Every structure is written in structure tokens, then in C-alpha cells.
Amino acid sequence: MTPDAIGELRQHLLAALDTAPDEARRLFHGRGRRWPGLEQITADWLQGLLLVSLFRAPDAAALDALRTMLTGLAAEPAWQRKTPRALVLQHRYLADSPVEFLLGEPLAEWLVSEDGLRFRLDIGRKQNCGLFLDMRYGRRWVRQQAAGQRVLNLFAYTCGFSVAAIAGGASQVVNLDMAGAALARGRDNHRLNGQSVERVTFLAHELFRSWGKVRKHAPYDLVIIDPPSFQKGSFVLGRDYRKILRRLPELLAEHGQVLACVNDPAVGPGFLIDAMAEEAPALHFVERLDNPPEFADADPDASLKALVFRTGAARTKAAFPSPNEKQA
């Protein structure tokens, strides 16, 4: 991370702050590998809080220069117009991902909005704050599809998809995640949006030991699969994703849909398309959802893959991008 790269980051942040909407948004996505020397940095605007995350350790001089640049933003008109509460630097490369509050007083929680929905975030206590901003279009798609639907949300985390589904009129949502604390935050997110949880079920279980509990609420009209690439003792993408796909026929209603997601840069969309064809051939690929433009990647196949499958959908050659196909 050279002085020139840090200067370029400063210009990107000031320009992005000037146009940032009044909701959570990524301002800089270095991990998209479009700016040499900044591949290890992201910056998220959390409606009054700027969260800058480092995914690889810089040398001491570069880290000092980065801190100096970031604290210097306080003197800039673009920063002052936003009346921010804090600027936080997170060290994702260290155990427990500690944070520094470079500007403002430390705080543990923060509220943000997205498409009119509200979410409570954790600041400085966990590796992830509680809302993956690159899935904004996925949550929007679920909201648009959800009216009258019975929804299964696997690897639910803090239930962003569930909040979107209930906002869209879902008749039932079942959230499953092995982290009970994450589901508790998900329950809070529903209440934060004035949503009754009477139509929402929270299952704090490890998926592969809980198929009976999942089937109890079937059939589902929509199944959402958004797993981590790796979860120690629970999930390994290359080994375990197929185990989920082969269960889909017994979970889905007639004319059901699946939103299947992968966010491993080394895995292209062909992985899901081929695996679904082999494990659940009644489900056919329909489309890959666009990613928000601020998450542009030098290789689109390395970015988030959110793929829609549907039972009985027409299957055409054009619908199957190869793992190496570059998508606009």
C-alpha cells in the first residue's frame, strides 16, 4: 500500500461520500481488484459511520499513513456535510477483527436502513457487522417474490432475507442458523421494522443434523441458500453444498424457486449450475442476479453469485454461463 495508493483511496472516499445515499452503502471495494495496491481495503458508509476494513496487514509505515489520511478526512467539506458520528478502522486480518475508532466515540451498535428497512449492526464486537451489503439486490429480489410465499432461509445469519420476505408479504419464513445469537439479532431486526414474528420461525440448529425440523414446515415456495464458504465443523462449500441441493425436491412445493448463492472468489457460477443439474435436475437455472454496481470486480465470476432456479422453468443454452464467462 504505497503513498500514491493511499492518496487514490482518499479521492475515492471523498467522491463517494459526496454522492452517498441516506442508507448503508459500500463506498470503496478494493477487493474487486480494480485498484492496484488497494486490494486489501473496503470502506462502508453506515449512515453516519464510516467503516474501513483491512483484510491484509500493511507494513507499519503504510498503516500509519492510512490512519493519517483517514483522520484527515474530518477537515474535508465532503465529510462535514455528512455530519458523521465516527470513523472506524477494522483489522480483519487479526484474530477477533479488532477495531480502532479514529474519529468519534466508541459505540457497540448502530442502526442503518436499506430499501426502507432497518437493521441493527454490531460495531467492533464481531468480524461481520450483521448485514452483507453486496446482497442488497438479493434481498430486494426476495421481497419482490415473497407475497403469499412460504420461505426457507438457510444460513439465515441475522435474518436480512427474512425481514425482506415479511416486508414483501410472505406467509411464513423459517430461518435456520447454528448461531443462536445471530438469530436473536434477526428477531430484533423484525421487531425494529414493526414486523410481528408470528409468521417467523427461528431454528438455532446445525443444518445437516436438522433435516427433520426443516421438513416439518415444508413444502416451501422459496428456498434461500446463502452459506459461508467455510464454517469450522459445520460447512465446507465444495463438500457440503451438494448435500443441500439433493434435498431440495423433498422441500419445495410445485413451481418452487431457489435462490442459491456463493461468495467464494475461486468458485464460478458454473459450480452451482452443474451441481443443481446433477443433484436436483427438476430445478432449472433462470438467471443470475446483478450485483450492486459498487461491488464491481475485475473478474465478475469472482464476485457474489446469486443464482435463481425454478421447477419447470424453460432451460436454454443461453441461460448457462460458463465459469469463465465475463458478465457485464
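This is a predicted model: local features need pLDDT of at least 70, side-chain atom pairs count only at pLDDT 80 or more; totals for chains, interfaces and linings use all residues.
The mean pLDDT of the chain is 91, and 94% of its residues reach 70 or more.

In soluble globular proteins, nonpolar side chains tend to be buried together. In the present model, the largest nonpolar core comprises 33 residues. Within this core, the residues with the most contacts are Leu154, Val223, Ile225, Tyr241, Leu248, Val258 and Phe309. When neighbours within four places in sequence are left aside, the contacts of Phe309 include Val258, itself listed with Phe309 among the core residues with the most contacts. Phe309 is also in contact with Gly256, Gln257 and Ala260, with Leu272, Ile273 and Met276, and with Leu283, His284, Phe285 and Val286. A second, separate core contains 29 residues, among them Ile6, Leu9, Trp45 and Met69.

Serine 113 is located in strand 6, which spans residues 109–114. The relative accessible area of serine 113 is 12%; because this value is under the 20% cut-off, the residue is classed as buried. Beyond its neighbours within four places in sequence, serine 113 is in contact with Asp22, Glu23, Ala24, Gln47 and Arg118.

Phenylalanine 119 belongs to strand 7, formed by residues 117–122. With a relative accessible area of 1%, phenylalanine 119 is likewise under the 20% cut-off and is therefore buried. Its contacts, neighbours within four places in sequence again being left aside, include Trp110, Leu111, Val112 and Glu114. Leu131, Gly160, Val163, Asn189 and Leu192 are also in contact with phenylalanine 119. Between phenylalanine 119 and asparagine 153, the separation is 34 residues in sequence and 17 Å in space, C-alpha to C-alpha.

Gly160, a contact of phenylalanine 119, also takes part in the packing of helix 5 against helix 4. Two packed helices are described by the angle between their axes and the distance between the axes. For helix 4 (residues 136–145) and helix 5 (residues 160–167), the angle is about 35 degrees and the axes are 7 Å apart. The crossing of helix 4 past helix 5 is right-handed. Helix 4 contributes Gly138, Arg139, Val142 and Arg143 to the contact, whereas helix 5 contributes Gly160, Phe161, Ala164, Ala165 and Ala167. By class, the residues of this contact comprise five nonpolar, two polar and two charged.

Definitions and conventions: Residues are numbered from 1 along each chain as its sequence is written. Side-chain values use heavy atoms; hydrogens and water are left out. Axes are lines fitted to C-alpha atoms, for helices over the stretch in contact, and angles run from 0 to 180 degrees between N-to-C directions. Helices (H or I, at least four residues) and strands (E, at least two) are DSSP runs, numbered from the N terminus. A crossing is left-handed if the near helix is turned anticlockwise from the far one by less than a right angle, and right-handed if clockwise. Contact means heavy atoms within 4.5 Å. Ala, Val, Leu, Ile, Met, Phe, Trp, Tyr, Cys and Pro count as nonpolar, Asp, Glu, Lys and Arg as charged, and the others, Gly among them, as polar. pLDDT is the predictor's confidence in each residue, from 0 to 100. A nonpolar core is a set of buried Ala, Val, Leu, Ile, Met, Phe, Trp, Tyr and Cys residues joined through side-chain atoms within 4.5 Å. Buried means under 20% relative accessible area, exposed over 50%, partly exposed in between (1.4 Å probe, protein chains only).
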